[in-house]
Amino acid sequence: MTNIALLGLGVVGGGVAEVISQNNDTIARKTGEHINIKYILDLRDFPDHPLGGRVVHDINTILADPEVTVVAEMMGGSHPAYDYTRAALEAGKHVVTSNKEVVATFGAELLRIAKEHHVRYLFEASVGGGIPVIRPISSCLAANELTEVDGILNGTTNYILTQMIQASKSFEEALAEAQQKGYAERNPAADVEGIDSCRKICILSALAFGKLFSPNGVHTEGITAITGEDVANAEAYGGVIKLIGRTGLVDPSDPASGVFMLVAPHVIPHDNPLSGVDDVFNSILVRGNAVGDVMFYGRGAGNLPTASAVVSDIIDIIAHKDAEIFVPDWTSVSADELVAQQTLPYAFLVRVRIDATYDAACEQIRSVYPGVEILTNSDAYASVLSFVTPQTTESELKDALSTIGEAVSLIRIMPE
Ligand code: HSE
């Protein structure tokens, strides 16, 4: 039997307790051992929960108990989650987590501490909820030079955008539903402002390129400014708007060319498989120089899908408990080392408030971008013009717009 401790009995912690209680015999059949949840650390008491008697309020009870070999951290937030994780690793306990904030901020250091103490720090649940993506990238695709990772990485925003696109619901209504279903973060600003996706793409980037860029400096746009007009323009162009995290090599054939990373709403053309990823589902496309494109798809948030990933890490530890497993080395670096996103080649879906007449504005835009696709119908009184540029860069586009009018929205079109 393996004794574990859960840190946090919220949405994910509750899900982990449920999965272990439901599937313990199945787990034992696969690993030879049952899992025993010996302690649950939480600020609250749970008198009505079947494991309510195992709740403790002091981390030292867990750290001091040599029978506990695995700690599952599902507290959320940086502190005290980071401090408890560090203390558990230093006490010689394996740690598994769903906490992307801690992995994205302190992952390099925690992996190093895990290595020094011959224990493991696993975080399958930190990206993509229940989708197996961390272990497949680190193991199954290890033979590749990875060149790009793109993903719909946040279930809450994907749920909201889907409801706005397909059911004409308001942003607020759809967010309330996502919160009620347990998808959203404690502070949903982290979801809708792209911060959660940013942490996840930083983790994926570290897996792909070995460098953990600080999430703070990564260009991050959320979905709060997306309107029904943007949704309609994307449809007129032939796509849907999705919040995308992207990271990759600027020149896929040259690993020294530099890494780019950003989080922003993108128009996904209907022929791109990411366009069909709706509701709470997430999807991650990984491009490798041997395998080509691989896509992962599944439920990116919610108690049981995320618990599935947490428990899979516990099972991995039990299954390999006598092995010395290779632990990756990540270097922690500033986001200043990323290639500036303003220089990345993109076509843009643009809405601009025009000062001139419709015809004059179209002429001005065509003089800069002869291949431009104007989406707004001819209307002498139109004050806002929508169009799609040919491939350009954000820097060039902003220069061009300064002579045409005030930009209302700029949305990138996902390249092939
Ligand atoms: N709030 C996150 C989401 C939870 O909506 O995707 C899973 O990380």
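**Terms and source.** Buried means under 20% relative accessible area, exposed means over 50%, and partly exposed lies in between (1.4 Å probe, protein chains only). This is a predicted model, in which local features need pLDDT of at least 70, side-chain atom pairs count only at pLDDT 80 or more, and totals for chains, interfaces and linings use all residues. Residues are numbered from 1 along each chain as its sequence is written, and side-chain values use heavy atoms, with hydrogens and water left out.

**View 1. Asp-279 in a loop between two strands.** Asp-279 sits in the loop between strand S11 (259-269) and strand S12 (281-288). Strands are DSSP runs of E with at least two residues, helices are runs of H or I with at least four, and both are numbered from the N terminus. Asp-279 is partly exposed because its relative accessibility is 31%. Its phi is positive, about 55 degrees, although Asp-279 is not a glycine.

**View 2. His-118, another loop residue with positive phi.** Look in the loop between helix H4 (100-116) and strand S6 (121-122) for His-118. Phi of His-118 is near 55 degrees, and the residue is not glycine. Is His-118 buried or exposed? His-118 has a relative accessible area of 55%, so it counts as exposed.

View 3. The bond from His-79 to Pro-80 is cis. Its omega is near 10 degrees. Pro-80 belongs to the loop between strand S4 (68-73) and helix H3 (81-90).

**View 4. Asn-144 and its contacts.** Asn-144 lies in the loop between helix H5 (134-140) and strand S7 (146-152). Its relative accessible area is 14%, so Asn-144 is buried. Which residues does Asn-144 contact, leaving aside neighbours within four places in sequence? They are Gly-288, Asn-289, Ala-290 and Val-291. Contact means heavy atoms within 4.5 Å.

**View 5. Lys-181 and Asn-303.** Lys-181 is placed in the loop between helix H7 (171-180) and helix H8 (189-192). Lys-181 counts as partly exposed because its relative accessibility is 42%. Along the chain, Lys-181 and Asn-303 are 122 residues apart. Their C-alpha atoms are separated by 9.2 Å.

**View 6. The nonpolar cores.** A nonpolar core is a set of buried Ala, Val, Leu, Ile, Met, Phe, Trp, Tyr and Cys residues joined through side-chain atoms within 4.5 Å. In soluble globular proteins, nonpolar side chains tend to be buried together. The largest core here has 80 residues. Ile-62, Tyr-121, Val-133, Leu-204 and Trp-330 have the most contacts inside it. A second, separate core has 28 residues, including Phe-46, Val-70, Ala-72 and Val-96. Back in the largest core, Ile-62 is one of the residues with the most contacts. Beyond its neighbours within four places in sequence, Ile-62 touches residues including Ala-5, Leu-7, Tyr-39 and Leu-41. Val-56, Val-68, Val-71 and Lys-93 are also among its contacts.

**View 7. The whole chain, for orientation.** The chain has 13 helices and 18 strands. Its C-alpha atoms fill a box of roughly 75 × 50 × 35 Å along the principal axes. Of the 416 residues, 56% are buried. Take the contacts between residues at least 6 apart in sequence: 72% join residues at least 24 apart.
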